[in-house]
Amino acid sequence: MKGPVETCDVAVIGGGPAGLAAALCARRAGAGTVLVIERERALGGILNQCVHDGFGLFLYKETISGPEYAERLAEDVAREPIKVETGAMVLDLSPDRVLRINSREGYRLVRAGAVVLAMGCRERTRDMIEIPGTRPAGVFTAGLAQNLVNLRNLRVGNEAVILGSGDIGLIMARRLVFEGIKVKGVFEILPWPGGLERNVRQCLTDFGIPLELGATVVEIRGRDRVESVVVSGVDEALAPLPGTERIIPCDTLLLSVGLIPENELSKRAGVELSPFTGGAVVDERLMTSVPGVFSCGNVLHIHDVADWASFEGLAAGERAARYAAGERGPGRTIRVSAGTNVKYVLPQLLTAGTGGVEWSFRVKRPVRGARIEVTGKTSGRVYARKKYARLLPSELQKIKVQAAVDEDLEVTCHE
Amino acid sequence: MNERAFVDRLTCVLCPVGCELEIGRDAAGELRVEGHQCDKGVPFALEEILRPKRNLATSVPVRGTAAKMVSVRLSAPVPREMLFPVLAEIAKLRPEAPVRRGQVLLADVLGTGADVIATRHQGADSEERPSGARRSDSEPRS
């Protein structure tokens, strides 16, 4: 490679709740030079547009809004000798941890002792769920509408329908009502809401907004601007039920139909991705299949609470600093898989003989009287067991195994 | 079990257990709560049914800047029926830059006891942020 290559101990890609926490902890764990690269002009990531409160309960022990959370974390970072570059983009990441960075200072290469991936996620779009119909203005992803309303003071429409009941969709339903926009209904294809129960109550029920489960938008109509959408019930296979269609006049359709970890750079570096999370396959150190490359926050798996993304960042940052200082894990790893009713378990890999590891998991469907078990695949031994009155797919849960484990594991959920 | 009129069903959000509470009205017209596993559940349910309180968040334009907004919230929740009157008051606000996080933009809004506070720093267009990111401002990316 031509030209001088700059070096740093830990490079963090992304300055949101996970990346900032990773930078902080990398520094505190002894990394000499820590670099944070953020594409936007402000640190904080998506938190900047999440003006509602409910953040920080775990990290700051009080409930604050997204911007406050972001600023406090950015201030913590500013107190440390951490180099922060905003308005800078990592164009490429190689398996040997060379970053190609395009910033206001120009294009350059940086070789990092360890890299923390914290790029966050993107929203699924109309194209990705293939809604038929015309292509008029007035179709927004919920997060885009949130940006337009909260940061740019723009009115997105007058009468809206929301497809998908994820938290952003629910939050935006209330936000639109606050802006004087009529919300005609929220439609969710699954038989249960995608967002947290508290949000269903405080964002929909409070304002008399109907939530219809088992229904979806099957057509968008309108020439220049959305004029109506066609809503239909669905069968058990989630296919539209003929004869149940009805037309809902509206000029705006908001989509809250899922988030996808943004792993374009990870793929460039050769990081193995999981089809279940959309993020990297990691071990208990949050290290990916590429040595020295760690992953945390929404780029690893979708979180419902920003605080958990930050905690993951803290862990990844510490491990990255230790890797940069020369620490290498011992060889053999065991696999951890998701069994009955469990959508995914993370980390998916574990260094043999490690104990005291906490797993994150999500269930596939709401389960009442749930019994979560972590079982050894060879011995059948139950390493951990936890009971819940009920579990919802919208809630990321955790379970810890104290014992040192030396065999493949499976996590199951039974009623 | 006595005959009771169903009033509402809610999930207690005070802790991660998330008890499912069912609120009914007994023959004497008194509210009854069931399903709580600790003694916080009953007052939580009664407040939610009788006097629900909510915080609210929005953003307002900042004077003296090109197109900047500052996000705001209430320092404490207010009775739910006050949400729209309070929003109407917030809509009139045009704070002058710079605005600091935690700055009270409107004290004791409509006598609720809650203040409208800024939830981020917003400098004048020329100003750098005093802390946090170097060289960053909070203008949304275009």
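Where is the place of B:P98 in chain B?

Modeller: B:P98 sits in a loop of chain B, between helix 2 (83-91) and strand 8 (104-106). Helices and strands here are DSSP runs numbered from the N terminus (H or I, at least four residues, for a helix; E, at least two, for a strand). This is a predicted model, so local features need pLDDT of at least 70, side-chain atom pairs need 80 or more, and totals for chains, interfaces and linings use all residues. Residues count from 1 along each chain as its sequence is written; chains are lettered from A, and ligands numbered from 1, in written order.

Now the bond itself. The peptide bond that joins B:A97 to B:P98 is cis. Its omega is about 0°. Most peptide bonds are trans, and most residues other than glycine have a negative phi. Chain A has a cis bond to compare: A:L346 to A:P347, with omega near 0°. A:P347 is in a loop as well, the one between strand 21 (342-346) and strand 22 (349-351) of chain A.

Chain B has two helices and nine strands. Read from the N terminus, its elements go β-β-β-α-β-β-β-β-α-β-β. Of its 142 residues, 32% are buried (20 or more other C-beta atoms within 10 Å of a residue's own; 12 or fewer is exposed, in between is partly exposed; C-beta atoms are placed from the backbone). Take its contacts (C-beta atoms, placed from the backbone, within 7 Å) with a separation of 6 or more: 46% of them link residues 24 or more positions apart.

Look next at B:V78. B:V78 belongs to strand 7 (residues 78-79) of chain B. Why does it count as buried? Because 20 other C-beta atoms lie within 10 Å of B:V78. Setting aside residues up to four places away in sequence, B:V78 touches B:K53, B:R54, B:V86, B:T112 and B:A114. B:V78 is 35 residues from B:G113 in sequence. In space, their C-alpha atoms are 8.2 Å apart.

Then there is the partner chain. Contacts join 30 residues of chain B to 29 residues of chain A. On the chain B side, strand 1 (5-11), strand 5 (57-61) and strand 6 (69-74) each supply at least two residues. Strand 5 of chain B gives the largest share, four residues.

Cross over to chain A at helix 4 (residues 142-152). Its buried residues are A:A142, A:G143, A:A145, A:Q146, A:V149, A:N150 and A:L151. They pack against strand 5 and strand 6 of chain B. Within chain A, they pack against strand 9 (121-123), strand 10 (139-141), helix 5 (167-178) and strand 17 (252-255). Just past helix 4 of chain A comes A:N153, with a positive phi of about 60°.

Two loop residues of chain A have a positive phi too. A:L238 is not a glycine, yet its phi is about 70°. A:L238 is in the loop between strand 15 (228-233) and strand 16 (246-249) of chain A. A:L238 counts as exposed because it has 11 C-beta neighbours inside 10 Å. A:N341 is not a glycine either, and its positive phi is about 65°. A:N341 lies between strand 20 (333-338) and strand 21 of chain A, in a loop. A:N341 has 19 C-beta neighbours inside 10 Å, so it counts as partly exposed.

Last, the interior. A nonpolar core is a set of buried Ala, Val, Leu, Ile, Met, Phe, Trp, Tyr and Cys residues joined through C-beta atoms within 7 Å. The largest one has 114 residues. Those that touch the most other members are A:V10, A:V12, A:I13, A:A22, A:V116, A:F294 and A:A320. Helix 8 (residues 306-324) of chain A contributes the largest share, 10 residues.

Note on methods:
Contact = placed C-beta atoms within 7 Å.
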